[in-house]
Amino acid sequence: MSKFFSADNPFNRFMYKLGCFILVNIYFLVCSIPVVTIGASLTAANFVCYKMKEEPDVKITSVFFRTFALNFLNSTLVWIIFAGIMSALVYGIVWSVSISGNMAVCVACAIGAIIVGACGTYVFMLIARYKNTIMTQILNGFKVGFANLAWTLLIWLVWAVPILAFLSVPGLLIYVGWIWLLCGFAVLIYVTAGIYKHIFYKLEKKED
């Protein structure tokens, strides 16, 4: 019976981690409501989940909101830039396919979207972890994204699987959507943080 109440009990560890995911998910969703703050919210969520990989007892609330505040300006500016560019590229793909039939434009926009996506995959984590100018963070995002292309594709796959599942299975969102709102985003960010940790460990080891 004493083992059941122990903090090291697998069930208690699971419940603690689940509680952390729920907190991160709620903070991430609430702070993303204005839309323009999605970048800052993602930066904070990435950093909290990264810290969860390093430390067993992270103070979720204080770390999240401290990171959100400290990186608000840079993260928001980068988010606006990337969202604007990506929207234009997606519009270019749709326009070229459905209206003009110009495949050259479609291919060019698709390549541009891949490049921007590769950078965007890492730039918010870079902002949270390293102090640099916005341009340096963006350039480093490109470098890390393409230097670790296999990991970049794996991160995209991690995020694509649940999205494709919801799109391909009618009614799935109705039955498990509440789970997604409870902890879904946080779980994906946590899984992604594990990949970030692996990549940054190698990069920082080379610099040492």
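Helices here are DSSP runs of H or I with at least four residues, numbered from the N terminus, and their axes are lines fitted to C-alpha atoms over the stretch in contact, with angles from 0 to 180 degrees between N-to-C directions. This is a predicted model, in which local features need pLDDT of at least 70, side-chain atom pairs count only at pLDDT 80 or more, and totals for chains, interfaces and linings use all residues. Residues are numbered from 1 along each chain as its sequence is written, and side-chain values use heavy atoms, leaving out hydrogens and water.

**How H1 and H3 pack**

- Helix H1 (residues 10–32) packs on helix H3 (residues 60–70) at an angle of about 30°, and their axes are 10 Å apart.
- The two helices are therefore roughly parallel (angles under 35 degrees).
- On the H1 side, Cys20, Leu23, Val24, Tyr27, Phe28 and Cys31 are in contact with Ile60, Thr61, Phe64, Phe65 and Phe68 of H3 (heavy atoms within 4.5 Å).

**Salt bridges around Lys51 and Glu54**

- Lys51, Glu54, Glu55 and Arg129 are joined in a network of salt bridges (a side-chain nitrogen of Lys or Arg within 4 Å of a carboxyl oxygen of Asp or Glu).
- Lys51 pairs with Glu55 at 2.9 Å and with Glu54 at 3.9 Å, N to O.
- Glu54 and Lys51 sit three residues apart in helix H2 (residues 38–54), about one turn of the helix.
- Arg129 also bridges to Glu54, with the closest N and O atoms 3.8 Å apart; this pair links helix H5 (residues 103–129) to helix H2 across 75 residues.

**Accessibility**

- Lys51 is buried at 18% relative accessibility (under 20%, with exposed over 50% and partly exposed in between, using a 1.4 Å probe and protein chains only).
- Glu54 is partly exposed at 36%, as is Arg129 at 25%.

Key: Angles under 35 degrees count as roughly parallel, over 145 as roughly antiparallel, 65 to 115 as roughly perpendicular and the rest as oblique.
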